[in-house]
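Please look at the sequence and the structure below before reading on.

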Amino acid sequence: MSARDDVLIVGGGVIGLASGIALLQAGRRVRVLEAGSAGSGSSHGNCGTITPSHAAPLAAPGTVSKALRWMLMPDAPFRVSPRFDPALWRWFAGFAARCNRRDWLRAMQARSTILEASRAAFPDWLDTLGIDCEFEASGVDYVYRDRADFDAFEDEAEQLRALGVAVERIEGADYLRQEPALREGVVGAIRFPGDARLRPDRYVAGLARAFRALGGELTEQAEVLAIDETAEGVRVQTRQGAFAGRDLLLATGAWSPLLARTLRMRVPVQPGKGYSITYARPSLVPRHPMVLHERSVCVTVWDSGFRLGSTMEFSGYDRSLNRVRLDALERAAREYLHEPVGPVREEEWFGWRPVSIDDVPILGAAPGHRHLWLATGHGMLGVSMSVATGHLMSDLICGRAPRFDPAPYAPARFA
């Protein structure tokens, strides 16, 4: 067994590494245990947008009826795969119960707080850690080809403005003059000038380097086999040996419910499978990252490349790269863009996002445990929420006054 650490973190993705860095900055001795390679999970292939604009949760009025309507559509933007899976259907029943306006507004407030805190902290965080990941305060646009959908967004826009999110409405003709990369047929766009973008694979690689540079221990290929809690702390048995710590932070994303079961904990998270395709950069690209609204496809451009991504598929831990859903990304891009793909397809990817039952992160002390902490349930927003999550978990574990109210994220809300 290794020397005892102050904090063991299980999970070397964006949340585990950001939390580890914040704890190191607070003077704690930290070890991250990663089952594979650091940064190889759901953060690697996402679209890299930093989005206070995405405060509205997936659990919204009308989501259930859409999910049922789309269940038999293999390329639907939001799809629940019809199969026998009691855990999924228990989760979905709880999710459905929260698809009402009161819970939607409450979750929006909670998500907005952590998104805004993270967005504000990102520039100094990257500068202090020396991470070059093509961060740019670019804004993000939602692009519409359906007038009814465009007009219907005004309700959500009002709620976002009330939360302090800048929202601009641009009519289609004006927008097309600004964005020559787009095809005719756009009726309008909603611009969120406070959003930003980065290249997520480079961001997570930078977090791993910064974590090590600050003195953290990163143990890879260390799949956890058993966790035991004692009066003094925790012991973790992995494929790389045994480790001991005073506290343990479970930050394993969509895998958190499986590990939690070994500790007799219930974590109401389901894996939401997302896809992306990365290309060499086309010659004509959008000036801003954008969401093609009717198809729920995100388009992100960096100096180093071009990515189409998104979609949400609840199909368990299925490891297949679903060609139907990849093709749907390119088909959507062809509807909106003059150059929908790049000259070289560099990577096809899928990953599981940890979607909580209310689509709000689960952050804080595990109920009934003295030395266990949870940081999961970020859905599609792990990168966007990473800095504020790291700071909050560090504050809570170190016993400091938190930078914002942790109550909306507490695991105890499900007890």
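How much space lies in the second largest pocket? In this predicted model, where local features need pLDDT of at least 70, side-chain atom pairs count only at pLDDT 80 or more, and totals for chains, interfaces and linings use all residues, the answer is about 330 Å³. Residues are numbered from 1 along each chain as its sequence is written, and side-chain values use heavy atoms, with hydrogens and water left out.

A pocket here is an open set of points on a 1 Å grid over the protein atoms alone, where a 1.4 Å probe fits and protein lies on both sides within 12 Å along at least five of seven lines; lining residues have an atom within 4 Å of a point. The volume is the space filled by probe spheres set on the points, which are joined across faces, edges and corners.

The lining of the second largest pocket has 17 residues, and A87, R261, V267, V269 and Q270 lie nearest its centre. At least two lining residues come from each of α3 (86–97), α9 (256–262) and β13 (269–279), and α3 gives the largest share, with four residues. Helices (H or I, at least four residues) and strands (E, at least two) are DSSP runs, numbered from the N terminus.

Two residues other than glycine have a positive phi, Q221 and R264, and both are found in loops.
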